[in-house]
Amino acid sequence: MIPIKIHLFFLLICFSVSSSLNSDGLSLLALKAAVTDDPTKSLTTWKETDLTPCRWTGVACNSDHRVTSIFLPNKNLTGYLPSELGAIVYLRHLSLSNNNFSKPIPDHLFNATNLLSIDLSHNYLTGPIPEKITTLKFLTILDLSSNFLNGSLPESLSNLTTLSGTLNLSYNQLSGEIPASYGLFQVMVSLDLRHNNLTGKIPLVGSLLNQGPTAFNGNPFLCGFPLETQCSDPEAQNPRVLSNPDTPKDPGSSVALPGKTNDSSGSVTVPLISGVSVVIGIMFFSMWVYRKKWRSREAKLGQKEKQENEQITVITKEEEGQDGKFVVMDEGFGLELEDLLRASAYVVGKSKTGIVYKVVAGRGSGAAVGAVVAVRRLSEGDGTWRLKEFEAEVETIGRVQHPNIVRLRAYYYANDEKLLISDFVSNGSLYSALHDVGGPANPLPSLSWASRLKIAQGTARGLAHIHECSPRKHVHGNIKSSKILLDEDLQPFISGFGLTRLVTTSITKSTSRKLSGSSQLSFTSSKSSFSSNYYVAPEARISGQKVGPKCDVYSFGIVLLEMLTGRAPDGVGLDNDGKGLEGFVRKVFREERPLSEIIDPVLLQEVYAKKQVVAAFHIALNCTEIDPEVRPKMRIVSDSLDRIKLQ
């Protein structure tokens, strides 16, 4: 009897201890119990004796010790996803990619209705996509790629109206047709349905028109534009895009359309360029530009000849700007509007400011074969720019020239179509280089310390030039790692300068759209995404506040911390009460903890760089001071970085 009583006593003690763990911790212990193999020992810190799970590996909490993030990618965990994860009501980010989880996705997972992002890619999950996923009214990113999911595409996914990043369902076993309701997704959503068993005709509706062939490749029974596989129904290959019956047809025009008119219905056949995937979105905007230019039969491109050393303009006899004006800002720029209309193009980026295309042109006078430019199709936003106002702003952008700023070469203006043509920078963004968004199928090499220092120095010089090149005290207003582009030599180029003024959704409403003598901006924080908000200076997070140069300094400091730690600015996976990367780094320095806790492990291998890295950390912390008056000017930041010399 005595041994039995002792055993019961110990059981009661264990139960009492484990019950002290909060409810989120108990739900996470269900995940630990569902894991049958943990070769990296990632879950060894998950102990039932803790009061909260906030110090566990891969777990982040808010100030109330409630779990907001589970970040365990690339851990080789084997097991299944327990339903108890859905009981973590404050969970916002779930990343379990590149593991060995199997079995179906439990419906109850989506009881965590505050989820913003889900990444379960590169696992062995089976079964259909649960319909209950549509209850996630705040979801912005969903990646279920590279699993064994089957069944049809849920039509109700279109109810996820907040999706604004990725919807990746590629490399699964999904079947059936693509629902036409998927055209309701926002235009900035990057849709990926590659390598499934989808069938039928691709619906040419809504935002599906902006998806290129890469969104649909690998489905042998899918047909219709933009794929090369023709459907038996000719309408799948001949979408009606010139629906305006007043659109003139001028067979004698010297401008070649991307397609040709076949009949009185106005349908257009777009030829497929051999070996080149043409994005339907750029074709549609090209045809729209063409329609606007030729609305009046009296207007022709030959109306005005190009004069040497003068800007190229195309203006019709109707109200100025109504039918389009194309302006080349650089005399060395060899492309004309018709070259862009004939060019092949690829969607390379989408955001609230519009869509960015890589355009490969090689025809027309003065155009070099294979010339590549970036074309940004601006979002209209909440207001309307008049021609003279738009010209003034774009001319201001064009005058800001520096080796580390993307060069604006030309622009196009029409009442409802505005394009910016700039140099194409070929090696992606700093964000991609740091966070390896290419994934295992397209890994990017890790950036060395020498490369990161060069990128930081070049970016600082470019920002300092923006702040100092004009008495108007220009401000970028949206500095983040995705806005810093890299060329083949890893030279940085700041992109997006001026967009915060050109696109009204990024600044104040149309009631305050009038131009002022200052280039300072007003920032509306409610429009910012969860992650992007961490780049924004504290004083600018208040709606209506002016954004000055010191706000750019703060944003650059966050980017610098991102380069030094290899972590995203929201600090996902860090024990920091949801205060972000800057707060975590400052806490580590204040508590004099080891540098190894915050530095990117890649940089730890470069022992000789330790003193230089510490110096860069101090520069970043100076840039991210709460009080803007304490922050240094961008020129001082640039000079400080230039004094860090490689050994």
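These legends accompany several close-up views of one chain, starting with an overview.

The model shown is predicted: local features need pLDDT of at least 70, side-chain atom pairs count only at pLDDT 80 or more, and totals for chains, interfaces and linings use all residues. Residues are numbered from 1 along each chain as its sequence is written, and side-chain values use heavy atoms, with hydrogens and water left out.

**Figure 1. The chain has 13 helices and 27 strands.** Helices (H or I, at least four residues) and strands (E, at least two) are DSSP runs, numbered from the N terminus. Of the 647 residues, 52% are buried; here buried means under 20% relative accessible area, exposed means over 50%, and partly exposed lies in between (1.4 Å probe, protein chains only). Among the contacts with a separation of 6 or more, 59% are between residues 24 or more positions apart, a contact being heavy atoms within 4.5 Å. The accessible surface of the chain is about 28900 Å², and carbon and sulfur atoms hold 53% of that surface. Accessible areas come from the Shrake-Rupley method with a 1.4 Å probe; for residues, only the protein chains shown count as cover.

**Figure 2. C54 and C61 form a disulfide.** The S to S distance is 2.2 Å, and a disulfide here is a pair of cysteine sulfur atoms within 2.5 Å. The torsion about the S-S bond of C54 and C61 is about -105 degrees, so this disulfide is left-handed. Both ends can be checked for burial: C54 is buried at 4% relative accessible area, and C61 is buried at 3%.

**Figure 3. C223 and C231 are joined by a disulfide.** Here the sulfur atoms sit 1.8 Å apart. With a torsion of about 105 degrees about the S-S bond, the disulfide of C223 and C231 is right-handed. C223 and C231 are both buried.

**Figure 4. C469 is partly exposed, whereas C623 is buried.** If you are looking at cysteines, these two are worth a view as well. The relative accessible area of C469 is 34%, and for C623 the relative accessibility is 0%.

**Figure 5. K41 and N76 are loop residues with positive phi.** K41 has phi near 55 degrees, although K41 is not a glycine. The loop that holds K41 runs between β1 (35–37) and β2 (59–61), and K41 is exposed at 55% relative accessible area. For N76, also a residue other than glycine, phi is near 60 degrees. N76 lies between β3 (67–71) and β4 (78–80) and is partly exposed, with a relative accessible area of 42%.

**Figure 6. F390, Y411 and Y413 are linked by ring pairs into a cluster.** The whole structure contains 6 aromatic pairs. The ring centres of F390 and Y411 are 6.0 Å apart and their planes meet at 70 degrees, so the pair is edge-to-face. F390 belongs to helix α5 (residues 387–399) and Y411 to strand β22 (residues 408–414), so the pair ties together parts 21 residues apart in sequence. Rings of Phe, Tyr and Trp (its six-membered ring) pair if their centres lie within 6.5 Å; planes under 30 degrees apart count as stacked, over 60 as edge-to-face and the rest as tilted. F390 is buried at 0% relative accessible area, and Y411 is buried at 0% too.

**Figure 7. The charged end of K103 sits over the ring of Y80.** The distance from that charged end to the ring centre is 4.7 Å. A charge sits over a ring if NZ of Lys or CZ of Arg is within 6 Å of the ring centre and within 35 degrees of the ring normal.
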